[in-house]
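This report describes the architecture of one protein chain for a reader who works with coordinates.

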Amino acid sequence: MLKVENVTKYYGDFKAVDNLSFEVQDGEIFGLLGVNGAGKTTTFRMIIGLLDKTEGKITLDGKKIDYSQTDKIGFLTEERSLLTKLTVEEQVIYYGVLKGLNEKTIKKRLDIWLDRFHIKEYKNKKIKELSKGNQQKIQFITAIINEPKLLILDEPFSGLDPINVEQFMEVIKELKKKGVSIIFSSHRMEHVELFCEKLVILVHGKSVLEGSLKEIKKAYRKKNIHIKAELDIEKIKKITGVVNVEQTAEDYIVKIESDDYIENVWNELKKCKNVTEFRVEDPTLNEIFVSKVGVGYEN
């Protein structure tokens, strides 16, 4: 289990992380979210020991994270961290040796992962000769070649097409089943919703929202009603409790303050023609994120 307790980080007079606390259990996928500059990267670097914290405590299975513990951690960074003049095999061996593995073990595991990601033919290719998506696969392999106890994934699906995203998802779920603690960070909220059981949203280094995704959505209270009908949008907007009405290519989305106002919308809808759908859903994580962060956010 990873435990972050009351951690603060200053750069001079600037407070990058402000009294942050969270836990990631074994076999749990935890979301650490925030816009650029929110403190995520600083937090990751403190967890893996690249930065010293100013205050607080970080432990993995009850032990301080130092060089005796870092071999148990895998980190896929948002930025490319590959040496492009090396071959795939040379690159993975380099990172594997840094994690305390011998070459025989590294090569055996590498063959398994190259086969899994359908890129065996690139084993002796230089990194610079690979596509962006295949480079991301290699970077992912370097992060898990040591079979980590804790895995940090910062924008893991960058550069991947939908098929390869599915492959990554399968592997991440398998690692979870094996008991790996996973911290997941992404600008794509729909990916976070697929994976994360618990999360923290950072703003200026401070947690502004934390807990289980289910509890967060319940506490947020707002609902979205999907409607297919001949609507008078202006009439719907005037209903008590309605925040907004959006028209999509397929339906209308009526956003309401809480489920207390569902009946109000339904009573008005009964007056409309050709009603074929009335479906109430929780707000998306992207909506909740934007409401907390207070800025526009691309999904």
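## Strand E13 and its partners

Tyr-252 in E13 is the bridge partner of Ile-227. The model discussed here is predicted. The pairing belongs to a set of five bridges that join strand E11 (residues 223-230) to E13 in the antiparallel sense. Strand E12 (residues 242-247) is likewise antiparallel to E13, and five bridges connect the two. E12 and E13 make a hairpin, with four residues between the strands.

How many residues of E13 (residues 252-256) are buried? Five of its five residues are, and the strand is mostly covered. In a regular strand, side chains alternate between the two faces of the sheet. In E13, Tyr-252, Val-254 and Ile-256 point one way, while Ile-253 and Lys-255 point the other way. All of these residues are buried, Lys-255 included.

## Backbone exceptions

Most residues other than glycine have a negative phi. Two residues depart from this pattern, and the table gives their values.

| Residue | Phi | Location | Relative accessible area |
|---|---|---|---|
| Asn-6 | positive, about 50 degrees | strand E1 (residues 2-11) | 43% |
| Asp-61 | positive, about 55 degrees | loop between strand E4 (55-60) and strand E5 (63-64) | 39% |

Asn-6 is partly exposed because its relative accessible area, 43%, falls between the cut-offs of 20% and 50%. Asp-61, with a relative accessible area of 39%, is partly exposed for that reason too.

In soluble globular proteins, nonpolar side chains tend to be buried together. The largest nonpolar core of this chain has 49 residues, and those with the most contacts inside it are Ile-138, Phe-140, Ile-141 and Phe-157. Helix H5 (residues 162-177) supplies the largest share of this core, six residues. Apart from this core lies another, of 23 residues, which includes Val-24, Phe-30, Leu-32 and Val-200.

## The chain as a whole

The protein chain contains ten helices and 14 strands. Along the principal axes, its C-alpha atoms fill a box of roughly 70 × 45 × 30 Å. Of its 299 residues, 47% are buried. The accessible surface comes to about 15500 Å², and carbon and sulfur atoms account for 47% of that area.

Among contacts between residues at least 6 apart in sequence, 69% join residues at least 24 apart. The chain carries 49 positive and 48 negative side chains. The centres of these two sets lie 3 Å apart.

Terms used. Residues are numbered from 1 along each chain as its sequence is written. This is a predicted model: local features need pLDDT of at least 70, side-chain atom pairs count only at pLDDT 80 or more; totals for chains, interfaces and linings use all residues. Side-chain values use heavy atoms; hydrogens and water are left out. Buried means under 20% relative accessible area, exposed over 50%, partly exposed in between (1.4 Å probe, protein chains only). Contact means heavy atoms within 4.5 Å. Accessible areas come from the Shrake-Rupley method with a 1.4 Å probe; for residues, only the protein chains shown count as cover. Lys and Arg count as positive and Asp and Glu as negative; His and the chain ends are not counted. The place of a charge is taken as NZ of Lys, CZ of Arg, CG of Asp or CD of Glu. Two strands pair if DSSP finds at least two bridges between them. A nonpolar core is a set of buried Ala, Val, Leu, Ile, Met, Phe, Trp, Tyr and Cys residues joined through side-chain atoms within 4.5 Å.
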